[in-house]
Amino acid sequence: MAIAAFTGPPATRDQEPAVRRKSGIALVLLLPGVLYLVLFFLTPLVSLIITSFQAPVPEGDIGQYQAAFQWQNYTDSISEYWPQILRSFGYALIATAAALVISYPLAYFIGVKMRARPVLQNLLMTLVIAPFFISFLLRTLAWKSILSDDAWVASSLKALSILPPDAHITGTPFSVIFGLTYNFIPFMTLPLYSTLERLDTRLLEAGQDLYASNWTTFRKVTIPLSMPGIVSGTLLTFIPAAGDYINASQDFLGAADTSMMGNVIESNFLVLQNYPTAASMSVILMAVILVIVGLYVRRSGTEDLL
């Protein structure tokens, strides 16, 4: 005979007003957050989607569009700007991988090796987040100056015959990926440090007691335990890097042949006033990022992060 699970005594009539009162208080506390999301997230998103389907006003001026349901905006955007789309996600993927390779040893050293020296540990973490104290634009402009043709980096490489005399560093895919990696390294390091700082080192010692090599212990113990930090760091790096438009801009580290989706959106919105194309490119960017992030999180087995 099946036995029903005991879920506790039912609420009495005297308790029902208290339950309703608590539910009402919870709704009141949630209301500001819900209104904020509706006003500053949902409303602009709906407006963006509506704009992406607009059509030009017949015989209207530049920048005049009317409500329509023109799916062709999306197909035209993809057919015209597919190199920028591929370039954006390619650059973002390479920059994310480079940031992970650089940040993981750094986070491991600070979070695990420096536990016995908390003062030095806090100092190193301060140095990691120190770039946040300076404007993103100023940091990128500083690297443009450092990597310019007249600066010591390019001059030294040319003097050593590593670069041809007429070669440039800025305006190349290397400089754009370098700028993306540099600017987003803290976004990778902080989640990794947060995970590795809580790593139980006794598990590493247990692996060595079982005659596992350092590489085997790292591969079988350290990486699986730090996977939440890896997933969080790669997402926090890849998502803004894919939509970045500063590093690839001709005014900073990029050139015309290194432009990304962010540059296309900026140009169509602010220069060409082609709002449907800019809006459709924005929707495409968000949709592709959502698909990639969903597949990546599911593949890595960390669905709880979503």
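Guide: Start with a crossing: helix H4 passes helix H6 in a right-handed way. Helices here are DSSP runs of H or I, at least four residues long, numbered from the N terminus.

This is a predicted model: local features need pLDDT of at least 70, side-chain atom pairs count only at pLDDT 80 or more, and totals for chains, interfaces and linings use all residues. Residues are numbered from 1 along each chain as its sequence is written, and side-chain values use heavy atoms, without hydrogens or water.

H4 covers residues 136-146. H4 and H6 pack at about 140 degrees, their axes 11 Å apart. Axes are lines fitted to C-alpha atoms over the stretch in contact, and angles run from 0 to 180 degrees between N-to-C directions. So H4 is oblique to H6. Under 35 degrees is roughly parallel, over 145 roughly antiparallel, 65 to 115 roughly perpendicular, and the rest oblique.

From H4 come Phe-136, Arg-139, Thr-140 and Trp-143; from H6, Phe-178, Tyr-182, Asn-183 and Phe-184. Contact means heavy atoms within 4.5 Å. This contact has five nonpolar, two polar and one charged residues. Asp, Glu, Lys and Arg count as charged; Ala, Val, Leu, Ile, Met, Phe, Trp, Tyr, Cys and Pro as nonpolar; the others, Gly among them, as polar.

H6 (residues 173-196) also packs with H9 (residues 227-242), at about 155 degrees and with axes 8 Å apart. H6 is therefore roughly antiparallel to H9. Their crossing is right-handed. The residues of this contact are eleven nonpolar, six polar and no charged.

Methods:
Helix = DSSP H or I, 4+ residues; strand = E, 2+ residues; numbered from the N terminus. Left-handed = near helix turned anticlockwise from the far one by under 90°.
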